Amino acid sequence: MRIFDPHIHMTSRTTDDYERMAAAGVRAVVEPAFWLGQPRTSAGSFADYFDSLVGWEPFRAAQFGIRHHATIALNPKEANDPRCREALDLVPRYLDKDSVVAVGEIGYDAMTREEDEAFVVQLKLAVEHELPALVHTPHRDKARGVRRTLAVVAESGIAPGRVVVDHLNEVTVGAVHDSGCWMGFSIYPDTKMSPSRMVEILRTHGLERMLINSAADWGRSDPLLTRRTGEAMLAAGFGDDDVDRVLWRNPVEFFGQSGRLDLTEAATGEVSFQGSSILRGGS
Amino acid sequence: MDPGTLRTALKDSPGDGWLTAGVERVGDDPPSITRLFAAAGRHCGRAALPHVPGWTGDQAARALLLLALPAADLRRYIGDLYRHGDAGEKLAVLKALPLLPIGADAAPLLHDAVRTNDTRLVAAALGPYARHLDQAAWRQAVLKCVFMGIPLSVVHGLTERADDELAAMTAALRDEREAAGRRLPPDALPLLRQST
C-alpha cells in the first residue's frame, strides 16, 4: 500500500513517527502551515516556521525516504491577532518555493471579519501564484462555516477543482461534493472522522475528489490512520486499486496542479551522506 | 569553478532561454532576483550537472543570477536570499560565495550554515570560501563533519589547514567513541597523525 498523507503536521512529530510511517507505506506528505498550540506573537515567528517547513523538515523526512511538501499561509486562528497580521506580507515570498504546493491552511476558525479578510486575500494569492488552496473548516459551527467557505471560494474566482475543503464529516460532505471542490477528511482517534465512518462516506459519495489525511499534530492523533483507513476499505470490499486511488493517486492529482510536486524517489543517501545526525543519534 | 563553465553546462538545459532572460533582467532590475532565484530549479533542473562535479542545475543558474547583480547590491541580496531561502537556495548561495566579489563579508552565512544540522549546508560551508572562517570555527566545523558522518572530502584544503589542535580534538572524539564501542570513520584517521 503506497500512501500520500495530504495533511500532516510533521513539525510536531518524532522520528519514531517517521519510521513507523515509512514502514506503513507512507512515501509522501504535505505539511500545511497552521498554528502550533502556543500562540505566536510576531511575524518573525512565522518566518522561522515557514523556513522550517521548506528547510529542516523536508531534510528530516528525507532521512526516512519520505518526500515532504508544504502549504504556506497565515492560518485563520492567528489571522485574528494584530501582532501576527504582518505574517501575511511574508506569505507571497514563500509561495515561490519549490516544495510549496498550495496556499493553506486558510479559511475560518471563529468566522470573524479578520478571518474573512485573510481568507479572501490568500485565495487571491493562490490564483496569482497558480497554486491550489487548502481550506480548513471550523470545528465549531462547522456546517455554517462550510457554507460560508464555499460562498467565499465561489466569489473568489478560483476554480473549485483547485480547492480542497478539509476536515469534513457526514453532515458537511454533501455541499462540498456538489460545489466541485475536493473533499478532505481527517481521520482521528476519537474526534473528526474514524476509518469505519470514512468507508461509509466513500460508499455513499464515491472516490472522486476524495482526500484522506491523518492531520496528525501536537494533539492526540495518529499518523498511521491513513493506513488503517486503507485496511478498513479492503475489509469492506473495496479493491487494491480503489485504495491506491484514494491514498495515492488522488492527492497526486490534486497537488500535482501546482506543477511542483516532486516524487522522485526520496533516496536517503542522496541528501544525508550515508546517514545523518538524526539517524546516528544526534550531534 | 568559474562562471563560464557553469554557463556552458546549462546551454543544453530546457532553462537556457529563461536563464539568459533572467540574467539580463537582474542586471536591469536587481529586486527581480528574489522570485527568479526561487524559481531557478523549476526551469534549469535540480539534477547534478554531468560535466561540473559537485554542482546541480539550480545551483549553477542561481550562481549566474547572483553574478548578474550590480556589485554594490551584492552583499545585501546574498544575505537576504540566504535568510529567506529554502534549503536548496541556501545551498546555492553557499556554493556561489567563492565566485562573488565580496571579500570576507559573507562569513556570517558560514557560521549560520555550520550551526544547522543539515549535512548539505554544513558540507557546503567548508568549500573554498571557508578560508574566511577563523581557525577555531573551522576546526569545530571539520569535527562536526566527522561527528555527522559527512565525508571529509568536502573540506577544501583540509591537509594544509589541519593543525595540532584539530588532531587533539579528533583524538578526544576517538576516545569517546572507543569508550562507547564505536569507531571513527576511516577518513578521519589521517587527522590524528599530527597528534603526538
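**View 1. Helix α2 passes helix α4 of chain B in a right-handed crossing.** A crossing is right-handed if the near helix is turned clockwise from the far one by less than a right angle, and left-handed if anticlockwise. Helices (H or I, at least four residues) and strands (E, at least two) are DSSP runs, numbered from the N terminus. The model is predicted: local features need pLDDT of at least 70 and side-chain atom pairs pLDDT 80 or more, while totals for chains, interfaces and linings use all residues. Residues are numbered from 1 along each chain as its sequence is written, and chains are lettered from A and ligands numbered from 1 in the order in which they are written. The axes of α2(B) (residues 16–28) and α4(B) (residues 57–67) come within 8 Å and cross at roughly 30°. Axes are lines fitted to C-alpha atoms, for helices over the stretch in contact, and angles run from 0 to 180 degrees between N-to-C directions. The two helices are therefore roughly parallel to each other; angles under 35 degrees count as roughly parallel, over 145 as roughly antiparallel, 65 to 115 as roughly perpendicular and the rest as oblique.

**View 2. Helix α3 of chain B also passes α4(B) in a right-handed crossing.** The axes of α3(B) (residues 33–44) and α4(B) come within 8 Å and cross at roughly 150°. That makes α3(B) roughly antiparallel to α4(B). On α3(B) the contact is made by B:I33, B:L36, B:F37, B:A40, B:G41 and B:C44, and on α4(B) by B:G57, B:D58, B:A61, B:R62 and B:L65. Residues are in contact if their C-beta atoms, placed from the backbone, lie within 7 Å. Seven of these residues are nonpolar, two polar and two charged. Ala, Val, Leu, Ile, Met, Phe, Trp, Tyr, Cys and Pro count as nonpolar, Asp, Glu, Lys and Arg as charged, and the others, Gly among them, as polar.

**View 3. Chain A holds an open sheet of eight strands with parallel pairing.** The strand order is β1-β2-β3-β4-β5-β6-β7-β8. Strands β1 (3–5) and β8 (210–213) of chain A stand at the edges with a single partner strand each, so one side of each has no neighbour in the sheet. From one strand to the next the twist averages 25°.

**View 4. Strands β2 and β3 of chain A run parallel.** Five bridges join β2(A) (residues 26–32) to β3(A) (residues 67–72); strands pair if DSSP finds at least two bridges between them. The bridge partner of A:A28 in β3(A) is A:R67.

Note on methods
Two residues are in contact if their C-beta atoms, placed from the backbone, lie within 7 Å.
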